[in-house]
Structure formats: C-alpha cells, structure tokens
Amino acid sequence: MKKRTKEILELLDKEYGTDYKCYLNHDNAWQLLIATILSAQCTDARVNIVTKDLFRKYPAVSAFAQADQEELEQDIHSTGFYHNKAKNIIACCRDLEVRFGGEVPRTIEELTSLAGVGRKTANVIRGNIYHEPSIVVDTHVKRISRKLGLTKEEDPVKIEFDLMKELPKDHWILWNIHIIRLGRTICKAPRPNCAECFLQGVCVDYVNRNGGKVE
C-alpha cells in the first residue's frame, strides 16, 4: 500500500470511525437487494421512504415474485426508472424463488446472474450481508476516488479492480461508507467544499489545482 493511500485511510478512520453502516434501511438480505436495485439513479433517503411502505405491502420474496408489474410500478414510481426497476424486481424475486429457494445467494457469479443485479448491487450484498470484502463503486466512490488519485478509470468495474489493488481488504467496505459520507457532506458534486476538507493535503485534484504536487 502506498504511503499516501495509508495516510488517506488513517484520516478517514480518524474522522468517521470504523463502524460499518449501510445507508439503505433493511431487515434482511432480500430487502437490501431490492432497496439497492431501487437506489439506481435515486437517493438512499428517497428509497428508504419508499421501502418503509413497500416492505409492509410485500412482506416476502414470494410476494414480489407474484406482484402485478403495473401496481409495483406505481408503488416505486418516485424512485425513477420505475418500469425497468419493477420488471427487474419481479424477475429477480422469481429467480430467487425458483433457483435459490427464496434465499439471496452470496457469490458474485450467482448474484450477477439475477435480473437487475450488477457488480455494484452484488458487492453491496456481499459486503453488508455476508461480510465478504467487497468494493462498491457508486457515484461518490467513482468521483472521489479519481479526485484522490487512486484511479484514473471511468468504468466502474475498472475502478473496482484498481481499488482492490490499492486498498487493504479490511477497508473495502469501509471505503464506500466513508466516501459516501464525505461526498454528501464535504466533497459534494459539483461544488466540493475543499476549504473544509480534512483530505486536502493528500488529494491529488486539490493539490494539483493549487500548484503543488502529490507523490
């Protein structure tokens, strides 16, 4: 691990602690899976509002598997892209019923074989439910990891693999937790509050813009 990467992680741990925190409300694996599918192009706060009633109305995987698509579309309308999300949630839950006995699988291959589940969603499940070291590349992680100089890639999968090489496994899930918090409070898009950022001195983007050089 590079000296600068080690310093970044130490500063994040000092500022935010090392407790695991999932920002999507859930009581079990299938609820987190559905909440993560809904979170695409939508805020976690909005998803949590929707799932509060949604999980009462559909209390099991089987309920989603048997759901009427048009009705489900109305139930999740405010999360955006509701047609595809409803279609994928129903197909995903039918797969869970038929192929996995109603249980959410744990391997990346099995998870990404489900409708609407890409590597990001799969890694959310692997990291938060099964505690498998996993890196979740959301919009905050993509943007801020590039600013910090830990990757130059644009593609989320390539960023994931860059971060897997750069970060120790015990910080793979923590990276997502810390960077989401940083992105929501200080390093906001499109106007980051660099003046208040505790990572100023190790941020490639900030130092370069101010005429310095980061090793």
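Ser-145 is found in helix α9, where helices are DSSP runs of H or I with at least four residues, numbered from the N terminus. The model is a predicted one, in which local features need pLDDT of at least 70 and side-chain atom pairs count only at pLDDT 80 or more, while totals for chains, interfaces and linings use all residues. Residues are numbered from 1 along each chain as its sequence is written, and side-chain values use heavy atoms, with hydrogens and water left out.

At 0% relative accessibility, Ser-145 counts as buried; this term means under 20% relative accessible area, with exposed meaning over 50% and partly exposed lying in between (1.4 Å probe, protein chains only). A polar atom of the Ser-145 side chain lies 2.7 Å from the backbone oxygen of Val-141. Leaving aside residues up to four places away in sequence, Ser-145 touches His-140, Leu-150, Thr-151, Leu-163 and Trp-175, contact being heavy atoms within 4.5 Å.

On a 1 Å grid over the protein atoms alone, a cavity is a set of points where a 1.4 Å probe fits but cannot get out, whereas a pocket is an open set with protein on both sides within 12 Å along at least five of seven lines, and lining residues have an atom within 4 Å of a point. Grid points are joined across faces, edges and corners, and a volume is the space filled by probe spheres set on the points.

The largest pocket has a volume of about 930 Å³. Of the 40 residues that line this pocket, Ser-39, Ala-40, Lys-120, Asp-138 and Thr-139 are the closest to its centre. Two or more lining residues come from each of α2 (29-38), α3, α6, α8, α9, α10 and α11 (172-185), and the largest share, 6 residues, comes from α8. By class, the lining of the largest pocket has 17 nonpolar, 14 polar and 9 charged residues, where Ala, Val, Leu, Ile, Met, Phe, Trp, Tyr, Cys and Pro count as nonpolar, Asp, Glu, Lys and Arg as charged, and the others, Gly among them, as polar.

The structure also holds 1 cavity of 30 Å³ or more, and about 120 Å³ of space lies in the largest cavity. Of the 16 residues that line it, the closest to its centre are Lys-147, Cys-187, Cys-194, Cys-197 and Cys-203. Helices α9 and α12 (204-209) each give two or more residues to this lining, and α12 gives the most, with 3 residues. The lining of the largest cavity has 11 nonpolar, 2 polar and 3 charged residues.

Turning to charged pairs, the structure holds 13 salt bridges, each defined as a side-chain nitrogen of Lys or Arg within 4 Å of a carboxyl oxygen of Asp or Glu. Arg-119 forms a salt bridge with Glu-160, the closest N and O atoms being 2.7 Å apart. This pair links distant parts of the chain, with Arg-119 in helix α8 and Glu-160 in helix α10 (residues 156-166), 41 residues apart. Arg-119 is partly exposed, at 28% relative accessible area, whereas Glu-160, at 4%, counts as buried.

Within helix α3 (residues 44-57), Asp-53 and Arg-56 lie 3 residues apart, about one turn of the helix, and they form a salt bridge whose closest N and O atoms are 3.1 Å apart. Arg-56 is exposed, with a relative accessible area of 58%. Finally, Lys-57, Glu-71 and Asp-75 are linked in a network of salt bridges.

Definitions and conventions: Polar contact = N/O pair within 3.5 Å; in protein donor to acceptor, adjacent residues only side chain to side chain.
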